[in-house]
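Please examine the structure shown below. The paragraphs that follow lead from strand pairing to backbone geometry.

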Amino acid sequence: VRLMINNKLMQLPTDAVIQMMDGMTGSNVEKIEIITAPSSEYDAEGNGGIINIVTMGGKDFGTNASLGLTIGARWAENLGANVNIHHRGKNIAYFADYSIVRNHNMHIVKMNREFTDNNFRQTIISYSRRENITTQQNLNAGLEWQVAKNTSLNFLFTGYHRNWKLSALTEDINRVRMDSSITTGMKINESNVWKSATGSFGVQTRIDEKSEVSLSLDYLFFHNDNPSTYENAVIIEPTNSQSFNNVDVDKTTPIRTFVAKMDYKNQISPSVLLEGGIKSVTSTLDNNVLVQELVAGVWVPDPMFTSYSMLDERIYAGYFSTKVQVDNQLQINGGIRYEYTQSVISSRGENDLTERRYGYFFPTLSIKKSLGMEEDLEISYTRRITRPTYNDIAPYVFFWGPNTFSAGNTSLYPAVSDAVRVGYSYKHWSTSVQYSHVRNEITMLQPEIDDAQNLFYRSQNLKYLNTIGWSVNYSTSISTWWELQSNLTAQYQSGQTSSFNANTSLQLFSVNVNLINIFKLPRDFAIEISGIYQSRSLSGISQFLPVGSLNAGIQKSFGDKGVLRLSMDDILYTNYWRIKTTSPENGLNTYFSYNWHNQFIRVAYTRNLGNTKLKSL
């Protein structure tokens, strides 16, 4: 899934986008749009569609602002504050949003693994308590300037700073024989600092009453500093022999991205709109990882894990699309987009560690037919691409335990999907059926074992993944005080692995249910109760076990004095990862659990200031 904020695609890596969203507050969001079948105007990246978050834009003339405070707890304290100001005059409008969040949390990681070695069923059990404190700041600011009757300029700036500090204790018990075991205690201290700043300039000009041109230039700087230390104590039973070693890891990654985009629109008739444009994205980064081990009081680099790599990626795109309103009942949208990608990863001593050059056409077609009042039928086809992220392909290693690692995979290929969707909506409910075929589907956290019986988790390509899905949505006001929103999604997936010695076929049926109840009570009170359930789901050769969350909140409006909210997420404490892999032919019998402590209780207060009714002179 790709994320847009105010109709601008975020060019950050997925992890960074999620972190930015963690720092956003709901009070700053006006609406969220789901684009299930993006037209060729949008980038072809992401086979899950596009989410567009529209923030409060201040359409009225005048100046207004809001303040917000949040106090809560996950495992420990959670504090947050936000402020935003918007102004709109006759020719100039500007806004600025700032938020800060401090989250003190505890993550629990459990890993179990069984395999046969020399006719003995060997087991490895790992348990880790990962106490972390995250402090994050987000800033968004913008200016719109109507420089002439038909021309406007806009300037945007976004920035964020995230400091994630971790102190963890891990115990790993390796039962190597019936009468012997190796116990490793690992103390981890880690600091992960993410910083980014983005500047954007755009100009829109209307050539005449029917056509307009827009141009935008974006520059993004992104930097990650990730030092960590590991102190290991190893005890071997039954001899009770002990050993100690220290490992120091220093990782820095600066990323620079430049985006240039130009679009042209021409309303050649009241019923026909033509659009076209070109786009260029250039990204460069350096990933410098230094791993050292303390030997006789001297830090000695470890050549197995130390690496320096560089990524140079260039994407060039062009598109053409048309929207035709045949009559009052029939609308046809179609187009085609071409994207060419050149991606090169190199390292010292190996100039072309990985090189990918590929180009694809991405056709789109959508036909929407109105069948009557509040009744529509829509058929669409889209082709999309999912490129490996740098986190997928970077030659790095992350230590979970003495024999368990996360790593990058430099041999990944992009995944290309073709999807057909038929949707029907009538008044308060809608339903759709979709089929998709993905070549080289990219799946994360795929386990594999090397010759030394070490376990690695990394992303892998499937040969293919087919999905047949059915979704139904129903929203209604049961009464003047009770509103219900519901969604049911069922899907059957089948695929085949491509990266194991014994590749296997995969099949699974899964269900997702989401319910939201909103109760409007007297004296400006409101209550919301929501729940989500996801059954067992497919993730390559692994399966995510069922997960769910029950959430509730109550709010009181004080009119012009603000809104007070009390809410709790994951009341039953059931929202965390559990991943199981059973593949005897590949020697895999693993269980991986990551508890993020998503149970979260908080009190939030928001106060609006200013007067949106003021008119510009």
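Which residue in S12 is the bridge partner of Asn189? In this predicted model, that partner is Thr229. The bridge belongs to the antiparallel pairing of S10 with strand S12, residues 228-237, which extends over 10 bridges.

Strand S10, residues 180-206, also pairs with strand S9, residues 151-177, again in the antiparallel sense and over 25 bridges. Within that pairing, Ala168 has Ile188 of S10 as its bridge partner.

The backbone itself has several points to note. Most residues other than glycine have a negative phi, and most peptide bonds are trans. Against this background, the peptide bond joining Glu237 and Pro238 is cis, with omega about 10°. Pro238 is situated in the loop between S12 and strand S13, the latter covering 241-269.

Leu445, with a phi of about 50°, is part of strand S24, residues 442-449. His597, with a phi of about 55°, instead occupies the loop between strand S34 (588-595) and strand S35 (600-611). Is His597 buried or exposed? His597 counts as buried because its relative accessibility is 11%, and the cut-off for buried is under 20%.

Methods: Residues numbered from 1 in each chain as written. Predicted model: local features only at pLDDT ≥ 70, side-chain atom pairs only at ≥ 80, totals over all residues. Heavy atoms only, no water. Pairing = 2+ DSSP bridges. Helix = DSSP H or I, 4+ residues; strand = E, 2+ residues; numbered from the N terminus. Buried < 20%, exposed > 50% of the residue type's maximum accessible area, 1.4 Å probe, protein only.
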